[in-house]
Amino acid sequence: MVTIGESVIRPASRLRFILDRRDVLGSFFVAPAILYVLLLVGVPFLMALYYSVSAYTIYDPSWSFVGLENFEDIIDDPVFRQTLYNTFIFTFGSQILGLILGKFGALVLLRRFPGRGFVRAMIILPWAVPIALATVAWQWMFDSLYSVINWTLIALGIVARSDAPNWLGDPTLAMLSVIVVNAWRFFPFAIVIFLAGITAVPQDVLDAATVDGAGFWRRNYQIIVPMILPIVAIGLVFGIVFTFTDLSVVFLMTMGGPVGATSVLGFQGFQTGIVSGDVSHGAAISLFMVPVLLVVVIAMLRFIRRREI
Amino acid sequence: MAAVLTRDIVKKFADVPAVNGISLNVPDGEFMVLLGPSGCGKTTFLRIICGLEKQTSGEVLIGGEIVNDMPPRARGVAMMFQSYGLYPHFTVRNNIAFPLRTQKVARAEIGRKVEWASQLLGIGHLLERRPRQLSGGERQRVALARALVREPTALLLDEPLSNLDAKLRASARLEIKQFQQRVGVTTIYVTHDQVEAMGMGDRIAVIDRGIVRQVGTPSEIYDDPADRFVATFVGTPPMNIVARSGGYLGFRPENFLPRDMINGEASTEFQFRVDRSEYLGSERIVYGAIEGFDPDQVITAKLPPAHVAEEWIRPGEWHAFAVRNSALRNFDKDGKRSSRL
């Protein structure tokens, strides 16, 4: 036997087990999501930043830098200030109403009654129905001539036919209407959040409170609500972010009217930037959402961290 | 503080009976242990006493007053739960103060009582912490302080030691017992652990499938069990029971001795075939069968000290064993105690 050379033990290829490494596999799985966010959120956001300091319109697509002029313009505009105010009223109004409906809905759905499963399934409908369809139905309910709400109020003798409310024609009532519709859309989500939270409260704690002498209200507001607050706060962060940036209900139901009484940031940004083609002012309007939402989210997350139990 | 009395408590869930007619009398200041296997209805019974469950029929009396229709808060009892049920979002101080706040006790009085209860249980230094920052033993004390702070008519404890490790359990047992004697509160203590029951109870009620099998002092329960269930449920290893014409014969493993250990007293002899021997350090337990009875019936013997260190009795051997007649227990064919020898 002739030995030509020492037999070489080849080390296993480094690439062969590369997917067994957690760090590699992890980045591999996360990559699509990051790419998605970068392309569809990051790039448009940077473009918005850029447009907001330019004089770009679709009629004059020049890229001239104008500094903060666009922001000065919109802040000076009383219509914009009204819109900003509306957005807060719309967001917090519909969130508070949605939370109240959610809390009571959850309490009702926690009780055993015949047909509970069916009701639980149905309650999700406002969330599942396409908002465009639902809003058409609501529009009919708020219609100045055919309103079923007014018909009921008149039939019950609460209002006279002559001064029946014009829901979408009166500025205050129009805001109330869009808030109600948005809360109606949001409350199934709130119910789910509350149900998840309340079910997670240990029975021993509730029993202890009962034996310690707490009645229904005290159990609810001194034990259950504080214990589920972190969960509810997370739901609220989502709700605020979604509502603050949303324009669908307003767009479909009132078009911001009457005379801008229900115009919100998203709607005005869309109208100015896309419909009217004034891209730079539209971008500036939309960017107003960023600092507000940033403050809200940071405040809520800090609160949640502190309340963690 | 008050006596607790129940008459014929029945509780059915749908049609399944959980409690099947329990009448129990717990005098003022007594430490009563409800002992039984899991699912025997003892916890349900406790929840009925405090009002968390409503009995299907029967009456609950606390301090001589029928409380059937009173909500838990009006009954004045305190309950401590298996997992303690502390309020996680409150500090220890607020946990202990909660039962007083619901009673609308004056603020200064609350402060004083919280101080008193926390001193009593040695948790004064923990008042500003939250439950999750406490160890298991500390949580248990906080739960006990919260139960006692409003000086309840009766204290109900539902397996309070089951979440503690074995070492802590022994000291907590002692603590609860001493504490109960000091405060003198009527206590009903639910457990499935016979060591807790024997060590702590003034009296024990053995419960099985929703009925009370026997109520008695620990020594009555152990020495003179009312039926086969009590005989085999209490004691480790349990009492040996062998079928005999028209009934059963029972004897405790520690009374089943090598014949030469019995001097003079009237006794009954058995031929014992040893199958297995376990050395447990402080004791030696042997398993086997006795001649003339069912050969598959495992008989255990706890050997006397002379046999522990050295293995005189080995597997495979036959030995002459005996039981003093005074230690034999007879049960009739239904398993009830039939006579005392």
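Mentor: Let us take Ile188(B): beyond its neighbours within four places in sequence, Ile188(B) is in contact (C-beta atoms, placed from the backbone, within 7 Å) with Val4(B), Val26(B), Met32(B), Leu34(B), Leu46(B), Ile49(B), Ala154(B) and Leu156(B). This is a predicted model, in which local features need pLDDT of at least 70 and side-chain atom pairs count only at pLDDT 80 or more, while totals for chains, interfaces and linings use all residues. Residues are numbered from 1 along each chain as its sequence is written, and chains are lettered from A and ligands numbered from 1 in the order in which they are written.

Trainee: How many residues does the largest nonpolar core have?

Mentor: In soluble globular proteins, nonpolar side chains tend to be buried together. A nonpolar core is a set of buried Ala, Val, Leu, Ile, Met, Phe, Trp, Tyr and Cys residues joined through C-beta atoms within 7 Å; buried means that 20 or more other C-beta atoms lie within 10 Å of a residue's own. Here the largest such core has 130 residues, and Ile49(B), Leu156(B) and Ile188(B) have the most contacts inside it.

Trainee: How many residues of each chain are in contact across the two chains?

Mentor: 20 residues of chain B are in contact with 15 residues of chain A. Helix 3 of chain B supplies the largest share of chain B's side, three residues.

Trainee: Which residue stands opposite Val242(B)?

Mentor: Leu249(B), in strand 12 of chain B, stands opposite Val242(B); a strand is a DSSP run of E with at least two residues. Five bridges join strand 11 (residues 240-244) to strand 12 (residues 247-251) of chain B, and the two run antiparallel.

Key. A residue is buried if 20 or more other C-beta atoms lie within 10 Å of its own, exposed if 12 or fewer, and partly exposed in between; C-beta atoms are placed from the backbone. Helices (H or I, at least four residues) and strands (E, at least two) are DSSP runs, numbered from the N terminus. Two strands pair if DSSP finds at least two bridges between them.
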